[in-house]
Number of protein chains: 2
Amino acid sequence: MPRHLASPPRIAIIGFGAFGQLIARHLRDHVPLCICDPQVRANDLPQVPLAAAARCQVVVLAVPLSQLEGVLRGIAPHLRPGALVADTCSVKVRPAELMRQILPAHCDLLACHPLFGPQSAATGLAGHRVAWCPLRGRGHLRAAALLRRMGLRLLPTTPEHHDREMAVVQGLTHLIARGLAGLGPLPDRLATASFRHLARAVGMVQADSPELLRTILAENPYAEPVRKQFLAAADLAARQAG
Amino acid sequence: MPRHLASPPRIAIIGFGAFGQLIARHLRDHVPLCICDPQVRANDLPQVPLAAAARCQVVVLAVPLSQLEGVLRGIAPHLRPGALVADTCSVKVRPAELMRQILPAHCDLLACHPLFGPQSAATGLAGHRVAWCPLRGRGHLRAAALLRRMGLRLLPTTPEHHDREMAVVQGLTHLIARGLAGLGPLPDRLATASFRHLARAVGMVQADSPELLRTILAENPYAEPVRKQFLAAADLAARQAG
């Protein structure tokens, strides 16, 4: 067994925005962590430059998709043989392509998408789910064991299947949320049970960043056709009724 | 006190579809009922022709909006002084207009919209709500007292305010449901918490009749502008993202 697997792997989290902070809060009791973010201070966790983060045994990328390529080019020369690199973007086809293209063959690759966020996981991670796409090597197995011990459910899938399903799941939830936001405050007094569910769905995503909205609507290769099909069917129903 | 108010009023339910049956099931233990429907048999409740139904002290109209005008013209000559006529359509401006135009001045008028249906009230009426628009007379007060004893919550409003709010509440829930139905079976495995709420909203209205869909989308005077605003905002978000 190579020496660097003998002790618990040190994990680097690159990107310390809302999601990076969420995973740091939950991982810190289980494994030694370090943080890399040029803008956000980590307070009581060790903060390291990009090259040092890239030398950790596990490198978790919690940056927006728009920054992913730059970060991958930054870490590529420093990655150690057998290191595991995992991204956490809301789409998977494009990050998987970038990781395969840019990162050296001697490190393991995992594309994953935690299906929760700071709001839905406010009370803990147990029972929450992660879409899980191992791309290369076996490094994902130890990561999976750790996350399962933390109560997470892993859903094995492929980047293509993930993005196809998410074109509906996230693409339409966010599209509908934007449509409803355009109407101002939602009515409440006469709301039906079904509309309350709709309003709850919208409420859960309306604080998401414009960056995330852009990733979901524009960086998922299946989102545009699904959106067009949805809008066409809604439009047809409206015209048939009228 | 006029003689016909001394005993509990006999209530006629005109229209014995899914909703007429739902209210009959709950009202029958509280007041004497009769049913009028040319097509559906009421089994163990007295079934009467339209003219006889119109001579009851309370006449509840549980027919689709497309049949309302015909039924109003049919009952108008037979209504007794002081009778209460109440419709239950999913829009209120148009039924209120028709009732005021067609029914004689000597009867009381109530426009109401039960904000529940056979599915959402499967386990009982308690806690469910009714949008309540008294149009003429005081007959609605006794009806309100009875429904409150049955555990219903009455929400006083006007036909205009009701339709304005419902253009969003029902108009968009049904529009979104039609849009999603156009995509085939919804993904489930990778569904987020927000998408599950969306799917639940859609599931609650997808069995509604084409007749009800038409009423909600085409017979609410505020539905079309709200729908256009929603679709335009969704479309703009999609184009900004792309």
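Author: Happy to. Two strands are said to pair if DSSP finds at least two bridges between them. With that in hand, look at strand β4 (residues 84-87) and strand β5 (residues 108-114) of chain A in this predicted model: the two pair in the parallel sense over four bridges. You can find one such place by going to Val85(A), whose bridge partner in β5(A) is Leu109(A).

Now step back to the whole sheet. It is an open sheet of seven strands in chain A, and its order reads β2-β1-β3-β4-β5-β6-β7, with mixed pairing. At the edges are β2 (33-36) and β7 (153-156) of chain A, each of which pairs on one side only. As you go from one strand to the next, the twist averages 25°. Helix α1 (residues 18-27) of chain A packs on this sheet, where it touches β1 (11-14), β2, β3 (58-61) and β5 of chain A. The direction of α1(A) makes about 160° with that of β1(A).

How far can you trust the model here? Chain A has a mean pLDDT of 92, and 96% of its residues reach 70 or more. Residues 1-6 of chain A call for care, as pLDDT stays under 50 there, and the model has six contacts beyond four places in sequence for them. Where pLDDT is low, the predicted coordinates should not be read in detail.

Two packed helices are described by the angle between their axes and the distance between the axes. Helix α9 (residues 223-241) of chain A packs with helix α8 (residues 210-218) of chain B at an angle of about 90°, their axes being 9 Å apart. The two, α9(A) and α8(B), are therefore roughly perpendicular to each other. On the α9(A) side you will find Ala237(A), Ala238(A) and Ala241(A), which meet Arg214(B), Leu217(B) and Ala218(B) of α8(B). This contact has five nonpolar residues, no polar ones and one charged.

By class, the contact of α6(B) with α7(B) holds seven nonpolar, two polar and no charged residues.

Methods: Residues numbered from 1 in each chain as written. Chains lettered and ligands numbered in written order. Predicted model: local features only at pLDDT ≥ 70, side-chain atom pairs only at ≥ 80, totals over all residues. Heavy atoms only, no water. Nonpolar A, V, L, I, M, F, W, Y, C, P; charged D, E, K, R; others polar. pLDDT = per-residue confidence, 0-100. Contact = heavy atoms within 4.5 Å. Axes fitted to C-alpha atoms, helices over the stretch in contact; angles between N-to-C directions. Parallel < 35°, antiparallel > 145°, perpendicular 65-115°, else oblique.
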